[in-house]
Amino acid sequence: MTIHIGAEVGEIADTVLMPGDPYRAKWAAETFLQDAQCVNQVRGMLGYTGTWNGHRVTIQGSGMGMPSLSIYANELIKDYDVKTLIRIGSCGGMQPQVKIRDLIIAMTSTTLNTPSSGIFRELNFAPCADYGLLAAAVAAAKAQGITPHVGGIYSSDVFYDERPDLNEQMTRHGILGVEMEAAELYTLAARYGRRALAVLTVSDHLQTGEALPSQDRESSFGEMVEIALKAAFS
Ligand code: HPA
C-alpha cells in the first residue's frame with residue numbers, strides 16, 4: 001500500500017494503462033480484461049488488475065492534470081516497480097487536419113511547466129515517448145484500420161485556457177493536440193528508466209469548437225484500450 005494506492009505489492013502488474021477518469025478504468029477492465037479485480041479505491045481513483053491474452057495488466061485512473069498523474073505514476077514506479085505506463089485519454093485538436101475522433105500518438109510533449117520543473121530549473125527538458133511502444137502502437141492502430149497522427153502534443157496546466165496566443169504558437173509549430181498529463185508521464189519514465197506512451201482520442205477541437213458526442217466517446221475509448229494493450233505486449 002502507498003499513500004494513494006491501496007493495492008498490495010504484487011497486486012499491480014508490470015504494465016499499467018492510465019485513463020484520466022477512474023470510471024473509464026472500471027469500464028476498460030470490465031470490457032477487456034479477464035478476471036479483473038479491483039485493487040484500488042482510495043479517493044475513488046479506481047484501479048483494476050486482470051489479464052489480457054494471458055498477460056497481466058493493471059488499469060489505474062490517473063486523475064486530471066499533471067500533479068495528479070505524477071502522484072500515481074511516482075507510486076506505481078517507485079513502490080510497485082511498474083515497467084510500462086500507457087496513458088489512454090482524450091485531447092483537444094489543434095491542427096486543421098486533426099479531426100474529432102482521430103487518434104493521436106504523442107511522440108513528444110511541450111509544456112510551460114510540469115511538476116518536475118522544479119528540479120530542471122533552467123533546463124528545457126524534452127519529454128518523449130518510448131520509441132518501441134510508439135512504433136508498436138502505430139502498427140496496432142494501422143492493423144485496426146486506423147491511421148493515427150503521430151507527433152508533438154501540448155500538456156497544459158489548464159483546461160479553461162486564457163492564453164489563446166500560446167495556443168496559436170503551438171498550432172504554428174505543428175502541435176497536434178492539447179491534453180494535461182503526458183509530459184509528466186514521459187518525464188518520470190525517463191527519470192526512472194521505464195517505458196511510457198500516450199495514446200489520445202480527439203474529443204474536441206480548439207479551432208472548430210466541435211466536440212465528440214458522448215455516445216461516441218465509449219467506442220473511441222475502446223479502440224484506444226485495444227491499441228494500448230497490443231502495443232504493450234507486442
Ligand atoms: N484542453 C485540455 N485538455 C483536454 C482538452 C482540451 O481542450 N480536451 C481533452 N483534454
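**Helix H1.** I began with helix H1 (residues 22-32) of this predicted model, where Pro22, Ala25, Ala28, Ala29 and Phe32 are buried, buried meaning under 20% relative accessible area, exposed over 50% and partly exposed in between, with a 1.4 Å probe and protein chains only. Helices are DSSP runs of H or I of at least four residues and strands are E runs of at least two, numbered from the N terminus. Seen down the axis of H1, the buried residues fall within an arc of 115°, so they line one face of the helix; the arc is taken from the directions from the helix axis to the C-beta atoms. On the other side of H1, I found Tyr23 and Glu30 exposed. The buried residues of H1 pack against strands S1 (15-19), S2 (34-40), S3 (47-52) and S4 (55-60), and against helix H7 (214-232), where contact means heavy atoms within 4.5 Å.

**How I read the model.** Residues are numbered from 1 along each chain as its sequence is written, and side-chain values use heavy atoms, with hydrogens and water left out. As the model is predicted, local features need pLDDT of at least 70 and side-chain atom pairs count only at pLDDT 80 or more, while totals for chains, interfaces and linings use all residues.

**Cores.** I next looked up the largest nonpolar core, which has 66 residues, with Ile12, Leu17, Leu76 and Leu197 having the most contacts inside it; such a core is a set of buried Ala, Val, Leu, Ile, Met, Phe, Trp, Tyr and Cys residues joined through side-chain atoms within 4.5 Å. H7 gives the most to this core, with eight residues. Apart from this core lies another, of five residues, among them Met94, Met170, Ile175 and Val178. Leaving aside neighbours within four places in sequence, Leu17 is in contact with residues including Val57, Ile59, Ile86, Val225 and Leu229.

**Pro115.** I located Pro115 in the loop between strand S6 (103-110) and helix H3 (117-120). At 42% relative accessibility, Pro115 counts as partly exposed. Not counting residues up to four places away in sequence, Pro115 touches Met66, Pro67, Ser70 and Glu184. The C-alpha atoms of Pro115 and Arg194 are separated by 18 Å, and the two residues are 79 residues apart along the chain.
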